[in-house]
Amino acid sequence: MKYQLVSGLETHVELATATKIFCGCTTAFGGAPNTRCCPVCTGQPGALPILNKRVVEFAIRAGLATHCTINTTTHLDRKNYCYPDLPKAYQISQFDKPLCEHGYVELESGKRIGITRIHIEEDAGKLVHESGFTFIDYNRGGVPLIEIVSEPDISSPEEAREYVEKLQLIMRYIGVSDCKMQEGSMRCDVNISLMPVGSTKFGTRTEIKNMNSLSYIEKAMAYEYSRQAEILDNGGEVVQATMRYDEHTGETSVMRTKEDAQDYRYFPEPDILTVVIPEEKVEEIRASLPELPTDKLKRYVNELRINPANAQLLYKYKAVCDFVEKAISLGAGVKNTVNLTVGTLYSKLETEDDKERFNLPVTAEEMAKLVKLADEGKINITLAQKTLSKMAEEGKPVSAYISESDLAGVDEGELEGICKKAVESNPQAVADFKAGKEKAIFALYGFIKKATQGKADIKKADAILRQLIMK
Amino acid sequence: MAISEKEIKTLARLARLEFSEEETKKFVPEFEEIINFADSINQQVEGDTASIREVTTRIATWDELREDEVKPSLPSEKITSNVHSDNGYFAVRRVVK
Ligand SMILES: [Zn+2]
């Protein structure tokens, strides 16, 4: 039988705040074990968590950027489970009043993947199991996360990939997270069920936990699809379970089934007050949102007339877009700016991270100066490329490579004098030209170029020469 | 209702807090004020229960949230001083097979 894949994703995104969600400990990555901890984030008795304002702001930003409605009265809940990565034996999360609800993310095809909810919660500590011990580091404990829960609108591994990529892009644009999957600042749980094509009744689902790479997500979904399809084809029933994906074998295996599912006994967190967010605050955050990726891509193609291939290359990196847009706002032409960026600068921005941060010592101001020279025909595009390449390598301004005198040309009086000399010193060429040999004038051009070190405007010189000869 | 210094000390011990003698003295009238406030609510409730709405927690205004400013953490020796530790890690009996 043919089956339709039905999938929803729960995506954890680490927020780029300076401090943890309930205490002033730093969220900076790394550090010796348990050096970024205090009584609050290690769950000591009597410690009182206080919610970080920026966590709420960032979560609202994420919600607005994914078209969610914001619940302006929101509280936190205790999710009880006993495992040593949680020092309190509960995680502070949100259960029935998430900060954001009912949004969507639009795919390239125009299809919308619904966002059920976005809530805030604290990250757990890190465990290392070695010999007879489990070693615990709570430096990551209490780092703020948002969990973005999608509707089961995803119909293929490719759609899942695109959805996650779009989320990454949006979160980076609005500055709430760097969303680096390999470093764990973004990770996904993937729900999958199958139903016969044409059916509307969802099958039993399984959940693959903690996926930290786009390609693993695709592979794990494809594997899980065929595993479930085989069970159904053989008349069996899929067992609701939590799975793990083994990157080495490319297979999924059962971690636990529904029978031993956890009862989290959620209840309202008594240590943290219910938060009432002023409407003005929400509007202030909405007004501060930058242009979102999809809108930018559309504008680049439709308004700036950037060709779609280049627009795709640019819009993925907000820092690059900011650079290009600033150069354009300073008067640089769109076409040359884009071509020089994609053609010359991208070869210097080798890694994704370099592009993400626009890691080059070229300012938009200097870029605009250079592009304007090319726009006005004062330098040709090859020289512009070479100059930009050096600027990117050496971090010097345009003036270090192209001087004023290079561009100033030769003034008219001087040029006339030189033309006269050219005519006087080349009697043969002048005679040939008079006799009708057009090409003989090139010898005079050569003289002028040499005398001015190539700075003379040959068009002007040509006009002067002709006058002199015909006199 | 009167609160004694002894009661403050008991509460402090339960909450694993340490107060100086000076602080303990300072908290006596403050605690009395809190208790009296709770008492006044109780009197209200006895008078008119219909108008009382259940509230799970007090409401925080936006300004009561914490600013995102880094404060010093505790030294890791302090954090692990009450537990079995190894190289700065909390060390517990292995939790997975
Ligand atoms: Zn802390």
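Reply:

The model is predicted: local features need pLDDT of at least 70, side-chain atom pairs count only at pLDDT 80 or more, and totals for chains, interfaces and linings use all residues. Residues are numbered from 1 along each chain as its sequence is written, chains are lettered from A and ligands numbered from 1 in the order in which they are written, and side-chain values use heavy atoms, with hydrogens and water left out.

A:Cys23 and A:Cys38 link distant parts of the chain, 15 residues apart, and each sits in the loop between β1 (3–14) and α1 (53–65) of chain A. Helices (H or I, at least four residues) and strands (E, at least two) are DSSP runs, numbered from the N terminus. Both A:Cys23 and A:Cys38 are buried. Buried means under 20% relative accessible area, exposed over 50%, partly exposed in between (1.4 Å probe, protein chains only).

Next, the cores. The largest nonpolar core has 77 residues, and A:Ile146, A:Tyr163 and A:Met171 touch the most other members. Its largest share, 8 residues, comes from α1(A). Such a core is a set of buried Ala, Val, Leu, Ile, Met, Phe, Trp, Tyr and Cys residues joined through side-chain atoms within 4.5 Å. Leaving aside neighbours within four places in sequence, A:Met171 is in contact with residues including A:Ala62, A:Thr66, A:Ile146 and A:Cys179. Contact means heavy atoms within 4.5 Å. Another core, of 39 residues, lies apart from it; A:Val342, A:Val362, A:Leu388 and A:Ile402 are among its members.

In α11(A), A:Leu388 is buried, as are A:Ala384, A:Thr387, A:Ser389, A:Met391 and A:Ala392. The buried residues of α11(A) pack against α8 (334–345) and α10 (364–375) of chain A. The 14 residues of α11 (residues 381–394) should span 20 Å at 1.5 Å a residue, and the end C-alpha atoms are 20 Å apart, which agrees. The expected span is 1.5 Å times one less than the number of residues. A:Gly395 follows α11(A), with a positive phi near 70 degrees.

Another positive phi belongs to a hairpin. A:Ser131 takes a value near 40 degrees in the hairpin of β8(A) and β9(A), which has 2 residues between the strands. Strands β8 (residues 126–130) and β9 (residues 133–137) of chain A pair in the antiparallel sense over 5 bridges. Pairing requires that DSSP finds at least two bridges between two strands. A:Lys126 has A:Asp137 in β9(A) as its bridge partner.

Last, a loop residue. A:Asp178 lies in the loop between α2 (157–173) and β11 (186–196) of chain A. A:Asp178 counts as partly exposed because its relative accessibility is 36%. Not counting residues up to four places away in sequence, A:Asp178 touches A:Arg172 and A:Ser185. A:Asp178 and A:Val13 are 165 residues apart in sequence, yet 8.8 Å apart in space, C-alpha to C-alpha.
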